[in-house]
Amino acid sequence: MALTNLYQEEVTVKEIHYQFRERLSVVHRKDRRNPDVCPHPDELEIDNTYPIILPSEADSVLIHAARDLEDYFFTSMKISLRVLREEEITGDSPCIRYGVDSTLPAHSYRFVACDRGIRLTGSDSRMAAQAGYYLEDLLNLREGPYLTFADTVRTSLYTPRMAHSGYGLDMYPTEHIMALAHHGVTALLVFIKDVDITPHGYHDFNDLCRRAASVGVDVYAYCYFANKLHPEDEGAEEYYENLYGGFFDRCPYFKGLVFVGESCEFPSKDPNTTGIRRLDNRDERGRPLVTGKPSPGWWPCYDYPIWLNLVKRIARKRCPDLDIVFWSYNWNRAPAEARRALIDALPKDVTLQATFEMGETVVRGGIEHQVADYTLYNIGPSGYLSGEAECASQNGLRFYAMTNTGGRTWDIGCAPYLPVPYRWMERYRRMREIHDTYGLHGTMECHHYGFYPSFISELAKWAFYSPTPDLEEVLKAIVTRDFGPAGRDKVLRAYRLFGDAIDRMPAKSHDQYGPARIGPAYPLVLFAGTDLKIPTVPYAHFGGNTITTPVYGRGRVFDVHTDPQTNRIFMDELSGFRKAARLYDEGCQLLSEAIKTAPACKQEEARRILGVAAFIRNTCRTVVNAKEFFLRKELLLDSHGDHRNRLVREMLDICRREEQNARDTIPYVEFDSALGYEPSMEYMCDRAHIEWKLDLLSKVMEQELPSYHES
């Protein structure tokens with residue numbers, strides 16, 4: 001169904017590439033105050049007479065927070081307030097007053113709204129700033145400068161909350177940092193390859209750290225260094241002094257350093273591995289030198305603690321408080337006893353991190369699905385996560401989880417977030433259980449696909465403080481604000497349908513690295529063009545075919561027609577995505593109806609939510625068509641006569657359906673330039689890529705498939 005049909009009007013506004021960045025740079029929206037909303041008799045009304053008061057010794061974070069709040073009232077609430085220092089105040093008129101009280105619990109703020117005004121007091125200046133953002137959240141939901149009286153202490157459940165940029169890979173304009181801080185992010189992640197070098201090239205790390213610190217946000221370095229020596233090798237001390245010591249001598253402002261197996265592997269002596277770094281395990285023809293064992297980055301090697309202790313000592317000589325995070329992602333399916341032995345041997349002053357849902361076999365309808373990573377199909381926690389958390393707790397280690405709670409996953413690779421709040425709320429609940437049971441201290445909210453602020457990340461922020469409000473009531477308030485009261489119930493029904501759909505979309509590698517990754521730009525390839533290269537730009541970190549397989553099923557053993565169990569699983573995937581597409585279509589109709597009754601000032605942003613949902617629906621259709629096409633392709637060469645001709649006709653029908661689906665997607669990606677984009681891949685499902693796919697599809701339909709028809 002085309003965009004024009006959903007909106008019942010022609011949408012003529014088209015965004016150019018990266019125009020979504022203008023929205024990500026908006027900290028305070030202009031449409032937050034509703035002129036039809038009036039204060040209740042028992043509410044506090046903030047007006048132009050309220051000054052914003054800073055302590056005499058306010059640091060840069062508090063000063064920035066006060067200026068931010070001033071801009072919020074001017075931009076979003078249409079009120080002009082003054083920022084004053086404490087010594088400039090005479091009298092005792094109502095005001096908004098910032099303060100710091102070190103007796104508050106760590107990572108907490110006290111929020112007071114009374115007839116004398118508002119007090120925003122943090123356990124430190126960063127938490128005082130968060131108290132100001134909380135005030136903004138309350139007024140945004142109220143749609144006016146009106147507050148109920150309150151006196152509450154709120155404590156952050158997870159510190160840090162780390163995120164990659166949704167603006168662009170390792171790209172952090174100050175405005176985007178501010179927007180992330182407003183959504184509760186407390187630490188940025190940047191990939192490091194050398195001093196001031198990221199996968200995109202030069203980046204002034206010290207400038208980034210200073211700009212982030214000025215608004216109360218830390219920066220963590222995600223390490224891509226090549227660790228070419230074993231820590232016990234001759235010359236290892238000097239080598240790692242030059243590598244890590246040299247880096248932190250010149251970039252001393254990082255708060256943390258993140259290691260993950262595939263990016264930090266070294267030539268381990270563990271006999272369970274090849275003993276060679278993956279990229280070094282090649283002869284002159286590119287063939288593996290050692291086979292039959294995993295590379296050290298994919299096994300919980302016994303000598304990782306030796307390596308960690310060496311790097312830790314060198315790095316903390318320069319940065320004593322550096323948070324060193326060791327992420328066990330790559331060996332999540334290794335034997336539990338091997339993983340536990342490694343955790344038991346880790347230095348007690350590093351942080352262990354695990355991925356919340358991965359390493360699990362999910363059973364649906366009696367069928368086992370071994371799911372891939374970064375998915376909401378499995379809400380989690382997985383057995384791997386729970387085991388790592390328990391072992392970390394027993395060893396006194398800080399523990400973080402990669403949770404994807406920025407709202408984006410690999411389930412749909414080119415959608416900026418999954419609009420499935422009820423599903424996310426269940427994940428928040430289960431995270432809280434791990435927090436309460438084992439001490440989940442911090443989160444990584446996304447990977448390189450970035451944190452795209454949305455109503456999902458807004459909901460997460462409410463969930464990640466204690467006391468936690470009733471999230472269903474918060475969601476109702478968010479929907480009422482975004483769509484108006486008339487359409488609220490339809491939108492909530494749509495969100496439930498979208499959540500049901502996720503439960504039908506098994507997160508399998510052949511889909512996550514195939515049609516689900518790039519959506520309706522994914523080609524249907526027959527037998528010609530199997531060396532296909534997806535168009536890309538030279539600055540894409542994972543562009544083209546790097547993390548997308550354009551020929552469906554290549555390199556994976558399906559045996560869909562010979563192995564009954566494989567066939568059963570594959571057909572369950574197919575029927576699941578068919579159902580998901582129908583559920584998303586039904587939900588899109590409800591959103592479309594809700595938009596018609598929304599106030600005019602809310603309709604553009606409401607349409608963007610609809611566009612995300614419609615893009616996901618069309619991606620589900622592409623997954624279905626890719627699977628249907630593959631099933632027949634596997635039979636085509638061994639068929640003859642009427643059987644072959646029937647297969648050709650069916651494959652042509654599939655191609656026509658996918659052609660229409662791809663064409664119907666073009667208006668969505670032109671209306672919202674965030675659709676079809678992912679920071680590490682760059683654009684993979686914009687109009688140009690869809691037209692590239694359509695050109696390939698026409699050749700399959702007009703030339704290649706007819707050549708297999710037997711007269």
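Visitor: Which does Glu388 count as, buried or exposed?

Guide: The cut-offs decide: buried is under 20% relative accessible area, exposed is over 50%, and partly exposed lies in between (1.4 Å probe, protein chains only). Glu388 has a relative accessibility of 2%, so it counts as buried.

Visitor: What pLDDT do local features need here?

Guide: Residues are numbered from 1 along each chain as its sequence is written, and side-chain values use heavy atoms, with hydrogens and water left out. This is a predicted model: totals for chains, interfaces and linings use all residues, side-chain atom pairs count only at pLDDT 80 or more, and local features need pLDDT of at least 70.

Visitor: Which residues does Glu388 touch, leaving out those up to four places away in sequence?

Guide: Glu388 sits in helix α11, residues 383–394. Helices (H or I, at least four residues) and strands (E, at least two) are DSSP runs numbered from the N terminus. Contact means heavy atoms within 4.5 Å. With neighbors up to four places away left out, Glu388 touches Ser328, Arg339, Ile343, Leu352, Ala354 and Phe399.

Visitor: How many salt bridges does the structure hold?

Guide: Side chains of opposite charge can pair when their charged atoms come close. Here a salt bridge is a side-chain nitrogen of Lys or Arg within 4 Å of a carboxyl oxygen of Asp or Glu. The structure's count of salt bridges is 58.

Visitor: How many residues apart in sequence are the parts that Arg608 and Glu15 tie together?

Guide: Arg608 and Glu15 form a salt bridge, with the closest N and O atoms 3.4 Å apart. Arg608 belongs to helix α19 (residues 600–636), and Glu15 to the loop between α1 (3–7) and α2 (20–24). The pair therefore ties together parts whose separation in sequence is 593 residues.

Visitor: Which residues are linked with Arg608 in a network of salt bridges?

Guide: The bridge from Arg608 to Glu15 is one link to start from. The network of salt bridges links Arg608 with Glu15, Arg23, Glu604, Glu605 and Asp672.

Visitor: How far apart are the closest N and O atoms of Glu573 and Lys508?

Guide: Glu573 is buried, at 2% relative accessibility. Lys508 is buried as well, at 7%. In their salt bridge, the closest N and O atoms are separated by 2.7 Å.

Visitor: About how many helical turns separate Arg211 and Asp207?

Guide: This salt bridge has its closest N and O atoms 2.9 Å apart. Arg211 is partly exposed at 21%, and Asp207 is partly exposed at 29%. The two are 4 residues apart in helix α6 (residues 205–214), so their separation is about one helical turn.

Visitor: Which residues in α13 do those of α12 meet?

Guide: The axes of α12 (421–438) and α13 (455–463) come within 10 Å and cross at roughly 30°. Axes are lines fitted to C-alpha atoms, for helices over the stretch in contact, with angles from 0 to 180 degrees between N-to-C directions. That makes the helices roughly parallel (under 35 degrees; over 145 is roughly antiparallel, 65 to 115 roughly perpendicular, the rest oblique). From α12, Pro421, Trp424, Met425 and Tyr428 meet Phe455, Ile456, Leu459, Ala460 and Ala463.

Visitor: How many nonpolar residues does the contact of α12 with α13 have?

Guide: Ala, Val, Leu, Ile, Met, Phe, Trp, Tyr, Cys and Pro count as nonpolar, Asp, Glu, Lys and Arg as charged, and the others, Gly among them, as polar. The contact of α12 with α13 has no polar and no charged residues, and its nonpolar count is 9.

Visitor: At about what angle do α12 and α14 pack?

Guide: Pro421, Tyr422, Met425 and Tyr428 in α12 meet Leu471, Glu472 and Leu475 in α14. By class, that contact has 6 nonpolar, no polar and 1 charged residues. The axes of α12 and α14 (471–483) are 11 Å apart, and the helices pack at about 145°.

Visitor: Which residues does His183 touch, leaving out those up to four places away in sequence?

Guide: His183 lies in the loop between α5 (174–182) and β10 (187–192). At 17% relative accessibility, His183 counts as buried. Beyond neighbors up to four places away, His183 touches Arg161, Phe451, Pro453, Ser454, Ser457, Glu458 and Lys461.
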